[in-house]
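Me: I'd like to go through this structure with you, a bit at a time. Could you keep the terms clear as we go?

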Amino acid sequence: MRRTRLFLPTLKETPAEATIVSHRLMLRAGMVRQSAAGIYTWLPMGLRVLQKIAQIVREEQDRAGAQEVLMPTIQSAELWRGSGRYEDYGKEMLRITDRHDRELLYGPTAEEVITDIVANEITSYRDLPKNLYNIQWKFRDEVRPRFGVMRGREFLMKDNYSFDLDKEGAVHSYNKMFLAYLRTYARMGLKAIPMAADTGPIGGDLSHEFIVLAETGESAVFCDKALLELEAPGDDLDYENDLQPLVDQWTARYAATDEMHDPDKCDVADDQLVTARGIEVGHIFYFGTKYSEPLGAKVQGPDGQSITLEMGSYGIGVSRLVGAIIEASHDDNGIIWPESIAPWNVGLINLKVGDGDCDTLCERIYADLNAAGVEVLYDDRDERAGGKFADMDLVGIPWQLTVGPRGLKDGKIEVKRRADGEKSEIAVDALGDWIAARAAS
RNA sequence: CGGGAAGUAGCUCAGCCUGGUAGAGCACUACGUUCGGGACGUAGGGGCCGGAGGUUCGAAUCCUCUCUUCCCGACCA
């Protein structure tokens, strides 16, 4: 992408409404603009990141055996009356009336919709288990939206729902998601710790929140230091195996959010106990037949008997993750994107637009990177050097290539790694190898 | 939902107390000098001072109502 053509409105100053760092940086880096309280427009650079995060989530869901669907944002009140939640959900649910005075709502979650589909379409035990997910906008009319996209009213969420014949199957489905979540966060460069959680309005008796530690987190958390050392499951994870031992590794040690924290039950030695703040980036639930029972989701078993399905639901706040990752990875100059979700992997700075040699070389590098499949943001603006460097740091591109007359005299260009600021020079002749290395990573 | 604050140029803000031609910096446009980590000069463009009522000869400024946004707390992917 050429910077001169890109819509990337960066700001030198911080808009007054932003108080936490991720919100400030998202506004400054031209990722989002606020439209109303807790409601945002995603600009090109923000959308690229959002889509990359969604794609990682998608890949890990698919790998764990879930299948993608797309459910409506607007749902019928009738469906929610079926589960009894239309009245229970309270003011957080945005209720809408259409021209025929039919009651609708903007979905805050989708248990009812998906359970209704499964109730209608799945009638035999042979068709189970099933795990269906979608990545869709949700709306919860928060009393007090804040922190930018971290607590918006409208937010993008991956939510999925598992359907099993019995509790054993449901727990296996739960464990799959437990491990898939660990992998998902790890791929984004995040260390997320599962913590025993309250089940809230979703209900159920088995639940974990996935918490990223960050100073600006909304809740206090307590956990065993050893959890920070645990590695997420690798590519060799086989979801069909017994997953319980792996899950137990994570759940055996103490970890709780403040609402669940009980100092009497906390057996962690003081010097092993981490007390910190955390951002909730995912929440999983097993809740049995809470929805399948009232909504009539059942199948016929091998013996002809009717079996009510065992369910779980699982959520990842995709748009919240954008903020959470920035909270976890930034410095005074701007965002530091992990390579897996960076909007562009390489930033190419032409220090002297209009200089024949610089222009020619930049065009060549730009073409070569594109040809190699490396995503590149080419700053071809006729601006001063300082502004380009500052912008590139602010936007957080992992690798920056700087082409200027000074280096070019010696046939060299500068490479800077955003993460640690380390700079080095490479010969123009060696660029092909460097590009190949980037393409391979 | 309780408590507090703020709405003036795209952004950051001054002006308001004490009513009298709407300002600065950044950003933007043009020209010139500059040019390796957010330059400088000159000349420009850009405002229903959130909205509606009121007081007054006259309101960004005073009064009333209203809308919006933000912050602190109680609640939540």
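Me: Why is H9 largely enclosed by the rest of the structure?

Reply: Helix H9 is largely enclosed because 10 of its 11 residues are buried, where buried means under 20% relative accessible area with a 1.4 Å probe and protein chains only. Helices here are DSSP runs of H or I of at least four residues and strands are E runs of at least two, numbered from the N terminus. Please keep in mind that this is a predicted model, in which local features need pLDDT of at least 70, side-chain atom pairs count only at pLDDT 80 or more, and totals for chains, interfaces and linings use all residues. Residues are numbered from 1 along each chain as its sequence is written, chains are lettered from A and ligands numbered from 1 in the order in which they are written, and side-chain values use heavy atoms, with hydrogens and water left out.

Me: Which residues of H9 are the buried ones?

Reply: Among them are Val-318, Arg-320, Leu-321, Gly-323 and Glu-327.

Me: Ok, pockets next. What volume does the largest pocket have, and which residues lie nearest its centre?

Reply: Its volume is about 980 Å³, and Arg-140, Arg-151, Glu-280, His-283 and Arg-320 lie nearest the centre, out of 41 lining residues. A pocket is an open set of points on a 1 Å grid over the protein atoms alone, where a 1.4 Å probe fits and protein lies on both sides within 12 Å along at least five of seven lines, and lining residues have an atom within 4 Å of a point. The volume is the space filled by probe spheres set on the points.

Me: Which element gives the most to that lining?

Reply: Strand S13 does, with 7 residues, while S8, S16 and helix H9 are among the elements that each supply at least two.

Me: And the second largest pocket, what lines it?

Reply: That pocket, of about 270 Å³, is lined by 14 residues, with Leu-351, Phe-389, Thr-402, Arg-406 and Glu-414 nearest its centre. The largest share, 4 residues, comes from strand S22.

Me: Switching topic: what is the strand order in the open sheet of 3 strands?

Reply: The order is S4-S6-S5, with antiparallel pairing, and two strands count as paired if DSSP finds at least two bridges between them. The edge strands are S4 (74-76) and S5 (94-97), each pairing on one side only.

Me: How many bridges join S4 and S6?

Reply: They pair over 3 bridges, and Gln-75 has Leu-105 in S6 as its bridge partner.

Note on methods: Buried means under 20% relative accessible area, exposed over 50%, partly exposed in between (1.4 Å probe, protein chains only).
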